[in-house]
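Here is a short briefing on one structure. Look over the sequence and the fold, then work through the points below.

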Amino acid sequence: MPVRPFRFHAPQKDLDDLRERLATTRWPPTDTAGLRELIEHWRTDFDWPTQERRLNQPDQFTADVDGHTVHFVHLRSRATNPIPLLLTHGWPSSYAEFLPLLPLLTDTFDVVVPSLPGFGFTPGPPGRHLIRETPRLWTTLMRDVLGYDRFGAHGTDIGAYVTNRMALDFPEPLIGIHVTAVAEPDTTSAPLTDEEREYLERRARNHERDQAYAHLQRSDPTTIGYALHDSPVALAAWIADKWRRWSDDEPDADDLLTTVTLYWLTGTALSSCHAYADLGLATAAVPPAADLYPDAPPGADGRPLPKRITPPTAVIRTPNFDAPRTWAERAYADLRRWTRLDRGGHFLATEQPHLLAQDLEAFFQNAR
């Protein structure tokens, strides 16, 4: 499984095409989302060469893992006995979300940050269910390709699902897991508490109010994928809406546009949407919907785990995540850390990297 150095340089013709498409946008009469200002910044002021250098700054590689080409950052620690740590992003994000976090980790960790299949620089053709194989691919990457017999793992959003499933299916090499989202537990072993019932009611309301995008990506990802693949403004509108609603504060325009540009230049908007279909994501509040995706693996969104996850576990919660601790205790047999932050949102590694780094170090030093 040879490891090859990787750097990305966008072809000038692709950048010229992007700028031309932005300049010829057919705008609707209203702009209630405030998108025009962002698109004008993208067209005239956004400095892609600077962002490209930032993306290329950490050491990056590709490797063939079980027949799939996987892109990943690999930073070696300055410590004499570092803890190997795997970081997995979610949607609509990329490995770039972790860039502000990386310098804060290398005193303690060897850090590996792969791009999910179908996201950015890891190809993943839609409809192949490759995202379901990610826990196995990541385990193979860490053990067989990079030679880490034992390692820790952190995940956010879809990355939390991947991390939880690694701990369920491949627990042996894991020192512990650290996640921003709790795996869906079995609720038949004990009655729900009042707090848990209230949480499920809030979750149901939130899914109705805030999950239209997820229903579309789950039920018909290719149709929206055509729009996102062909129109940079559609792509920016789709992603910016989530960054603005899910972030604690207004996201930095250049951080947001770096992610959007990465999706655009790699042509992975459509394939990333298929992750929702492959995993049957966001069906928890619509019980019949779970029956429509019988092949989706358990552990997320209404599909209870077949058993509790056994490796040491930490859960870090932001203000917009309100599952009670008892809900997590149903999912994890060894819940060692339960952190509630008073700031930060969905993109925690970008929004509050120092807080996340402190929690990662505290948990994994203890777990080891």
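Leu104 is partly exposed, with a relative accessible area of 29%. That value falls between the buried limit of under 20% and the exposed limit of over 50%. The model is predicted.

**Leu104 and its surroundings**
- Leu104 sits in the loop between E4 and E5.
- Leu104 and Ala357 are 253 residues apart in sequence. In space, their C-alpha atoms are 6.3 Å apart.
- Beyond residues up to four places away in sequence, Leu104 touches Pro353, His354 and Ala357.

**Strand E5**
- Phe109, Val111 and Val113 point one way from E5. Asp110, Val112 and Pro114 point the other way. Both sets are buried.
- E5 pairs with strand E3 (residues 68-75) in the antiparallel sense, over 4 bridges. Within this part of the model, Phe72 has Pro114 in E5 as its bridge partner.
- E5 also pairs with strand E4 (residues 83-88), here in the parallel sense and over 4 bridges. Ile83 has Phe109 in E5 as its bridge partner.

**His154**
- His154 belongs to strand E6 (residues 151-155).
- Is His154 buried or exposed? His154 is buried, because its relative accessible area is 1% and the buried limit is under 20%.
- A polar atom of the His154 side chain lies 3.0 Å from the backbone oxygen of His178.
- Setting aside neighbours within four places in sequence, His154 contacts Leu85, Leu86, Leu87 and Thr88, among others. Further contacts of His154 include Phe98, Thr163, His178, Val179 and Thr180. Leu356 and Leu360 are also among them.

- In soluble globular proteins, nonpolar side chains tend to be buried together.
- The largest nonpolar core here has 114 residues. Helix H9 (residues 232-246) gives the largest share of this core, 8 residues.
- Which residues have the most contacts inside the core? They are Ile158 and Tyr332.
- Tyr332 touches Asn164, Ile177, Val179, Ala181, Val182 and Ala183, among others, not counting residues up to four places away in sequence. Arg308, Ile309, Thr313 and Val315 are also touched by Tyr332.
- Val179 is in contact with His154 and is touched by Tyr332.

How values were computed
Residues are numbered from 1 along each chain as its sequence is written. This is a predicted model: local features need pLDDT of at least 70, side-chain atom pairs count only at pLDDT 80 or more; totals for chains, interfaces and linings use all residues. Side-chain values use heavy atoms; hydrogens and water are left out. Buried means under 20% relative accessible area, exposed over 50%, partly exposed in between (1.4 Å probe, protein chains only). Helices (H or I, at least four residues) and strands (E, at least two) are DSSP runs, numbered from the N terminus. Two strands pair if DSSP finds at least two bridges between them. A nonpolar core is a set of buried Ala, Val, Leu, Ile, Met, Phe, Trp, Tyr and Cys residues joined through side-chain atoms within 4.5 Å. Contact means heavy atoms within 4.5 Å. A polar contact is a pair of N or O atoms within 3.5 Å; within protein, one must be able to donate a hydrogen and the other to accept it, and residues adjacent in sequence count only if both atoms are side-chain atoms.
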